[in-house]
Amino acid sequence: MYIIKDIAHKNGQTRLDGRYPSRIGSTIRFPYPIKIGSPMLLEYVMDSAGKEKSGYLRTSNAVEISAVKDDIVVETENSIYKFEKAKNTP
């Protein structure tokens, strides 16, 4: 499982529009591998307060994926998503 650390515009500024602020801090899992050229699918597990959350987020197509240790950064056609591996997860 991962925590959404940030969702930014392509210029690097954190997205404050729409529902983006409420997504930051949520715990998610990736039900499918992330692939360049395909949408990313995130399955919600918990909100930022640690309460159970259900549902999915489908993004625009991924254009770049990078990883540093357990952290993942995915650039989509519209945004940049930063994920941190949740503690105590395999």
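Me: What joins the side chains of Thr76 and Ser60?
Reply: A polar contact of 3.2 Å. That term means a pair of N or O atoms within 3.5 Å; within protein, one must be able to donate a hydrogen and the other to accept it, and residues adjacent in sequence count only if both atoms are side-chain atoms. This is a predicted model: local features need pLDDT of at least 70, side-chain atom pairs count only at pLDDT 80 or more, and totals for chains, interfaces and linings use all residues. Residues are numbered from 1 along each chain as its sequence is written, and side-chain values use heavy atoms, with hydrogens and water left out.

Me: ok, is Thr76 buried or exposed?
Reply: Buried, because its relative accessibility is 1%; the cut-offs are under 20% relative accessible area for buried, over 50% for exposed and partly exposed in between (1.4 Å probe, protein chains only).

Me: And which residues does Thr76 touch?
Reply: Leaving out residues up to four places away in sequence, among them are Lys10, Met40, Ser60 and Tyr81. Contact here is heavy atoms within 4.5 Å.

Me: Where does Ile72 lie?
Reply: In strand S5, which covers residues 71-76. Strands (E, at least two residues) and helices (H or I, at least four) are DSSP runs, numbered from the N terminus. Ile72 is buried too, with a relative accessible area of 14%, and Tyr81 is one of its contacts beyond four places in sequence.
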